[in-house]
Amino acid sequence: GNVSFQSSLAAFTPNAFPGAAQPMIAPFWADVDTRPAATYASATASVCGNPATNGVWWALAPGRFVVTWDHVGYYECHETPAMSFQVILTSTSCSSGITDGGAGGTNFDIEFRYAECGWEVGDASGGVNGFCPASAVTPCTPAQAGFDSAESPDMDYASLPGSRMDGVASGLCAGSNLSPPQPGVWRFAVRGGSIMCPTAGTACTTAKLGICAP
C-alpha cells in the first residue's frame, strides 16, 4: 500500500511517520496481499496463487502518476474484507512544459482517495481477521497512511489521523482534510520540496487530530 523511492520495500509492518526507512508515499502501508486464498489450503501452498479478482494498477500520463489498489486483501492470502484506495501524484508545472513536478521534481500535489475500508492490519503485523484483537498477546500494528521524505533531520512528512491505531481504515474513508470536506479524499501540496500545511498561517488546535497538530 505504498510507493517507495530509491529501492523496493519488503516490510509488512509499517513504521510511524516520521521514521520511514526510505522516502515513500503511502496511502495505506499495511499487509496488502493480492493473492487469492483458493490454493492456500494445500500443503504446498507457499505461494497462494496468482491475482484473479483483485490487483494493483497504475497509469502514467504527462504530469500525472496514478496507482490504484482495487479491492485488495491482506496477508496472508485473505480476500475479504477488502480495501480500495488510490494515490494520485500531479505535477504543478505541466503548462510550462516541465512534466516532472518542476526543478528537481519539487512542485507537485499528492492526493489519497479511499473508496472501501474493510481491514486495518494483516496477520504478520498481529492482526486477526483484518483487525487488532481486543486482547492482543503479541504487538499489533495497523496501517500507516501519509508520506515521509526520510531525510535527516526528518521534517518533511505527513501522517494521516489515526495511523497505526485502531479505527484508521474507517477514519480514512470517512475523513478529509479538504474544505468543504470530501469523505475519503485527502490532498497535500508540495512546493519547493516542502509540504504546504492545509492550515498554514493559522494556529493549530492541538486538542483535535490533524495534520498540523503534534
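Two rings of Phe, Tyr or Trp make an aromatic pair if their centres lie within 6.5 Å. Keep that handy while you work through this predicted model.

**Exercise 1.** Find out which residues form one aromatic cluster, and how many aromatic pairs there are.

*Solution.* Start with the pairs: the count comes to nine. Then look for the cluster, which is formed by F28, W69, Y74, F85, Y114 and W119.

**Exercise 2.** Classify the pair of Y74 and W119, and say where its two residues lie.

*Solution.* First, the geometry. The ring centres are 5.3 Å apart and the planes stand at 40°. Planes under 30 degrees apart would be stacked and over 60 edge-to-face, so this pair is tilted. Next, the location. Y74 sits in strand β5, while W119 belongs to the loop between β7 (108–117) and β8 (144–148), so the pair ties together parts 45 residues apart in sequence. Last, the surroundings. Buried means under 20% relative accessible area; Y74 has 2% and W119 has 0%, so Y74 is buried and W119 is buried too.

**Exercise 3.** Do the steps again for F12 and Y75.

*Solution.* Here the centres are 4.5 Å apart with 40° between the planes, a tilted pair. F12 is in the loop between β1 (3–4) and β2 (24–29), and Y75 is in the loop between β5 (64–74) and β6 (78–91), so this pair links parts 63 residues apart in sequence.

Methods: Residues numbered from 1 in each chain as written. Predicted model: local features only at pLDDT ≥ 70, side-chain atom pairs only at ≥ 80, totals over all residues. Heavy atoms only, no water. Phe/Tyr/Trp six-rings, centres within 6.5 Å; stacked < 30°, edge-to-face > 60°. Helix = DSSP H or I, 4+ residues; strand = E, 2+ residues; numbered from the N terminus. Buried < 20%, exposed > 50% of the residue type's maximum accessible area, 1.4 Å probe, protein only.
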